[in-house]
Amino acid sequence: MNVGPSGFNNAPVTRALVIACTLFTIIFGVRGRANQLGWSYQDIFQKLQIWKQIISAFTFSSTPELVFGLYLLYYFRVFERQIGSNKYSVFLLFSFVVSLLLEALALQLIKDPSLSILSGPYGLIFSSFVPYYLDIPVSTRFRVLSLHFSDKTFIYLAGLQLLFSSWKRSIVPGLCGIIAGCLYRLNIFRIRRVKVCPVLVLQNLYIKVSTELAFSENSHYNLMFPEFITSYFARLSLPSIGNTPPPAAPARNAPGNVPIFAGRQMEASIVFDSLV
């Protein structure tokens, strides 16, 4: 099963996602709060801590889950190379939103005060198993002690380890992620035709969430991100995504003429304001 060249070549969205999950897990793990990010029915429907859902979706609760989760996220970069960064960002954003809504609905139906959703990008990971099962062919088969295996078996085993790592706390978000992947596969609301700019969406989401956490006085998880992390994400979002042709050399304008880039700058600002 060929997944292309190693590294994050032609996979900038996956690179940003892996780095974000790693940084959030390290930051909250050092402060001893990684295990406290799991959200429950009371957090959403009574305390209205919606920010806790967003942060928990990018933070693993333990080191083993971080290892298996990052391995799967890194492996699934093959889909970004196949469909492009723009469509892959739509897939991730759709899986993120739908899986969170399904998790909240599941907690509403169960209404178990002791049940809390395990923190981590389970919706993003397990939604990727749908195209992995349907689109990635088996290239190698082998047999061990009369048992048949393939090169895809190890990915399924890593997924099962992550799915059953915390029993109900991890099974619920895992199943919600699989349902989200199936809904995207069925092209509900023609979602597969939608394109967004992943750089602006991820950058604005990071800035808004980090700002809310940094300056919130009432939040129990008040956090000021270090300056080097903020500057790193700012530099990370500068390169363009996709096969964008290099800009042409600027034309020289005659004295008294309006610069030819003025209209384009106004259009770019309008698009940016609409995304914000």
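Predicted model: local features only at pLDDT ≥ 70, side-chain atom pairs only at ≥ 80, totals over all residues.

User: How many cavities of 30 Å³ or more does the search find, and how much space lies in the largest cavity?

Analyst: Searching the whole structure turns up one cavity of that size, and the largest cavity holds about 90 Å³ of space. Its lining is made of 17 residues, and those nearest the centre are A57, L100, E103, G120 and Y122. Helix 3 (50-56), helix 6 (85-110) and helix 7 (122-127) each provide at least two lining residues.

User: What classes do the residues of the lining divide into?

Analyst: For the largest cavity, 10 are nonpolar, six are polar and one is charged.

User: Back to helix 6: what span should its 26 residues have?

Analyst: At 1.5 Å a residue they should span 38 Å, and the end C-alpha atoms of helix 6 lie 37 Å apart, which agrees. Just after helix 6, K111 has a positive phi of about 55°.

User: And how do I read the packing of helix 1 and helix 6?

Analyst: In general, two packed helices are described by the angle between their axes and the distance between the axes. Here helix 1 (residues 12-30) meets helix 6 at an angle of about 40°, and the axes are 9 Å apart. The two helices are therefore oblique to each other. P12, V13, T14 and L17 of helix 1 make the contact with S85, Y88, S89 and L92 of helix 6. By class, that contact has five nonpolar and three polar residues, with no charged ones.

Methods
Residues numbered from 1 in each chain as written. Heavy atoms only, no water. 1 Å grid on protein atoms, 1.4 Å probe; cavity = no way out; pocket = protein on both sides within 12 Å on 5 of 7 lines; lining within 4 Å. Points joined across faces, edges and corners; volume = space filled by probe spheres on them. Helix = DSSP H or I, 4+ residues; strand = E, 2+ residues; numbered from the N terminus. Nonpolar A, V, L, I, M, F, W, Y, C, P; charged D, E, K, R; others polar. Expected span 1.5 Å × (residues − 1). Axes fitted to C-alpha atoms, helices over the stretch in contact; angles between N-to-C directions. Parallel < 35°, antiparallel > 145°, perpendicular 65-115°, else oblique. Contact = heavy atoms within 4.5 Å.
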